[in-house]
Structure formats: C-alpha cells, structure tokens
Amino acid sequence: MPAFLRHPKFWLFGLCLLPLVRLIVLGSSGGLGATPLEFITRSTGTWTLVGLMVTLSVTPLRRLTGRAELIRYRRMLGLFTFFYVSLHFVTYIWLDQFFDPAAIVRDIIKRPFITVGFAAFVLLIPLAATSTRAMIRRLGRRWQQLHRLVYAIAILGVVHYLWLVKKDLTEPLIYGAVLTLLLLMRLPWGVTLLQAVRNRLVSAEPGRAHSGKTGNPVKAIAGLTNRGQ
Ligand code: HEM
C-alpha cells in the first residue's frame, strides 16, 4: 500500500472534499433542483457551519481523549471551512448579485442576515491568512489571541442562519445549542468536567483501575460494555 494511503490526513482531505464532489456530480447531472442557486448557497452555507463546529470540536475532543495528535488536523479543517465559505460568498456575488459591486454593498447594508454573514466571512480571512507554520512562529502569543476570533465567527454564523430562516427555527437552534456546548467546554469548569470524565473512563479501563496510568477512553468504554456495565 502506498505510504500516503496510510496517512489519516489523506483520508480527512478526501472526506472534506465530498460536499464539493457532491455539488459537481449533482450539477453535471441536472440534480440541483429547480433553483440551483439556492441549492448551492444552502449547501455551501451548511458545510461552512458544520466545518466551524467540527473545527471547534478538536480541542474538547483532545482533552476528553488525551490524544494530543488531534491538533494536527485542526488546520486542515479550518482551511476547508474557509474554502466552503468562499464558495458560499462567490455563489452569492456571482449568481445572486451578478458581480455588481453597488448591488452587493446595498444588499450587505440592507439585509441584516447578509451583514452578519459578511462580517463572519471578513473575520475568517485573517485566520486563513495566518494559518501557516511560518505565521504561527512569527506571531507567537498574538497568533492565539487572533485565532480566538473563531468563537465570534461561529456565533455570527449561527446568528446569520437564525436571521435568514423564516419559519422553522429548529436547525439553527440545534447549531446554536452545539456551539453553546462547545464554548462552555472551554471555560475553566468545562475543562475540569472534561478532565473528570476522562479520568473516569481511564480508571474504568480493564487493567488500569489501580495502575494510575493514562489510557485510551475508547478502549475503556469497550471494557465497560464487555463487562456488561
Ligand atoms: C461564516 C460565514 C457564514 C456561514 C456560517 C453561513 C451559513 C449559512 C447557512 C447555514 C445558510 C442556510 C443554509 C440552509 O438554508 O440550509 C446560509 C444561507 C445563505 N447565506 Fe450564508 N453563511 C456565511 C456567510 C455568508 C456570506 C458572507 C454571505 C453573503 C454575503 C451569505 C449569504 C447567504 C445567502 C444569500 C443565503 C441563502 C438565504 C436564503 O436561502 O434565503 N452567507 N448561510
């Protein structure tokens, strides 16, 4: 098997490309429905929001599993999020506004949900631009401060969705609840809670109960199941 096939990043890259491949396949087979513009805007908007949630899940998941290596995938997830919001924006200025700058500015000012979405997009640009190793090294502590903007961006993304939905608020509210949970897990007591859950899982792992060593919580859960608990 070629070495690159054994690399998780290769599979994650492929997975992140699936929403785009789906749009291309549907687009070339006339499967985008009666209003293709709406379909593409909604699909790219949804994947941007999902991308933000998945990117924000990396740190809590790392704390819960103790798998420090998960951090290696965060940059790719963040960059794919930026890729999908760029497609979302291009769909809007191309197919919705026909590259008319005056109409775009008017619309951004006039429709609050567009204003909020646009603000989120603009804030994402410096994050994408500073995602290289060289920029991380160059900015030092300021890099972390700058990248905290992602919390505000995710909130703006959810508000954008809440604002544009006319009737059924269920979906944007679900995103809002997930985001609230992900943000709470970053507060000191959230971090303590994750640590406590991790400790319980680790101590429940067979053969580790009294060893004091850290272990894999996934195996620990399997251990509980095997013992019928
Ligand atoms: C982080 C930034 C953004 C996120 C997370 C986001 C997310 C979303 C989501 C989830 C939807 C609805 C999908 C659905 O109906 O299933 C949507 C729709 C839409 N978004 Fe965004 N968006 C963002 C930025 C933008 C920007 C920059 C623009 C344009 C300036 C924009 C314009 C639109 C439009 C026109 C719609 C369709 C509204 C409709 O169906 O009536 N969005 N977006």
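Which helices do the buried residues of H3 pack against? I began with this one, keeping in mind that the model is predicted. I found the buried residues of H3 packing against helix H1 (8–28), H2 and H5.

**Entry on H3.** I looked up the extent of helix H3 (74–96). H3 has 23 residues and spans 32 Å from first C-alpha to last, close to the 33 Å expected at 1.5 Å a residue. I listed the buried residues of H3, which include Phe80, Phe82, Tyr84, Val85, Leu87 and Phe89. Gly78, Thr81, His88 and Thr91 are also among the buried residues of H3. Just after H3, I noted a positive phi of about 50° at Phe98.

**Entry on the core.** I then checked the largest nonpolar core, which holds 22 residues. Val85, Ala120, Leu124 and Ile153 touch the most other members. H2, H3, H5 and H8 each supply at least two residues of this core, and the largest share, seven residues, comes from H3. I followed up on Val85: leaving out residues up to four places away in sequence, Val85 touches Thr48, Phe121 and Leu124.

**Entry on the ligand.** Which residues are closest to the ligand? I got Gly45, Gly117, Ala120, Phe121 and Gly157, out of 22 residues that surround the ligand. I sorted the shell by type and got 11 nonpolar, eight polar and three charged residues. Helix H2 (36–65), H3, helix H5 (112–129) and helix H8 (149–164) each supply at least two residues of the shell. H2 gives the largest share of the shell, seven residues.

**Cross-check.** I noted that Ala120 is listed both among the residues closest to the ligand and among the core members with the most contacts to other members.

How values were computed. Residues numbered from 1 in each chain as written. Predicted model: local features only at pLDDT ≥ 70, side-chain atom pairs only at ≥ 80, totals over all residues. Near = placed C-beta within 6 Å. Helix = DSSP H or I, 4+ residues; strand = E, 2+ residues; numbered from the N terminus. Nonpolar A, V, L, I, M, F, W, Y, C, P; charged D, E, K, R; others polar. Expected span 1.5 Å × (residues − 1). Buried ≥ 20, exposed ≤ 12 C-beta atoms within 10 Å, placed from the backbone. Contact = placed C-beta atoms within 7 Å. Core = buried A, V, L, I, M, F, W, Y, C linked by C-beta atoms within 7 Å.
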